[in-house]
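Have a look at the model first, then follow each solution step by step.

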Amino acid sequence: MTGAWSGRKVGLVVGVTLAVALIAVQFLRAAERTAAATRTNACRSLRPDPVPAALKDRDAPDFDLADATGKRWSLRSLRGRTVLLNFWATWCPPCAEEMPGMEDLARKLDDHAVVLAVSVDENWDLIRHFFPRGTPLSIVLDQSKELPKRYGTEKYPESFLIDPAGHVRHYFINTRKWGEPEALACIESFQ
């Protein structure tokens with residue numbers, strides 16, 4: 001009798017363990033769907049444009065550009081962090097309009113995300129003149145203007161939200177209100 005009772009106990013424990021495992025798997029799948037919906041909803045208020053077909057479902061084009069101090073920046077070195085990659089120029093009125101919001105966003109982000117502004121200006125003097133008191137933005141200079149072409153960028157400003165795995169998740173043509181709480185929520189939803 002005790003052998004049969006022990007067998008039932010083992011069967012009961014195995015059955016309960018399997019049921020808990022099944023519930024856990026279903027919970028994790030639901031949590032994954034909820035996280036994806038939250039990311040989409042957090043970014044919806046920024047009115048993202050459709051991601052260009054050439055950038056969908058693949059790694060964002062990498063680059064190697066220097067900032068004003070000579071530090072080299074690449075997407076490869078930023079893997080694991082969310083990146084808001086912005087293409088802009090000092091001579092671009094919409095770029096100048098959105099820069100204060102971008103600076104505000106950069107101040108609010110922690111080390112898990114970075115706002116990387118790629119300037120297509122002719123030299124650093126123009127950028128230093130544009131930001132006479134400095135800026136919290138990470139800025140690199142692409143005098144060749146080749147990197148925007150690799151992203152299909154033709155107008156400025158244009159921004160690409162790149163997830164920690166290095167994929168373009170959202171694309172923004174023209175200005176956005178980057179200093180608003182919704183922009184911070186959008187970027188933080190990928191952390």
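**Exercise 1.** Find which residues line the largest cavity, and sort them by class.

*Solution.* Start with the lining: Leu75, Leu78, Arg79, Arg81, Val83, Ile162, Asp163 and Gly166. Here a cavity is a set of points on a 1 Å grid over the protein atoms alone where a 1.4 Å probe fits but cannot get out, and lining residues have an atom within 4 Å of a point. Next, sort them: four are nonpolar, one is polar and three are charged. In this scheme Asp, Glu, Lys and Arg count as charged, Ala, Val, Leu, Ile, Met, Phe, Trp, Tyr, Cys and Pro as nonpolar, and the others, Gly among them, as polar.

A note on the source: this is a predicted model, where local features need pLDDT of at least 70, side-chain atom pairs count only at pLDDT 80 or more, and totals for chains, interfaces and linings use all residues. Residues are numbered from 1 along each chain as its sequence is written, and side-chain values use heavy atoms, with hydrogens and water left out.

**Exercise 2.** Work out why the buried residues of α5 line one face of the helix.

*Solution.* First, list the buried residues (under 20% relative accessible area, 1.4 Å probe, protein chains only). In helix α5, residues 181-188, they are Ala183, Leu184, Cys186 and Ile187. Then look down the axis of α5: these residues fall within an arc of 160°, so they line one face. The arc is taken from the directions from the helix axis to the C-beta atoms.

**Exercise 3.** What percentage of the protein chain's residues count as buried?

*Solution.* Of its 191 residues, 42% do.

Terms used: 1 Å grid on protein atoms, 1.4 Å probe; cavity = no way out; pocket = protein on both sides within 12 Å on 5 of 7 lines; lining within 4 Å. Buried < 20%, exposed > 50% of the residue type's maximum accessible area, 1.4 Å probe, protein only. Helix = DSSP H or I, 4+ residues; strand = E, 2+ residues; numbered from the N terminus.
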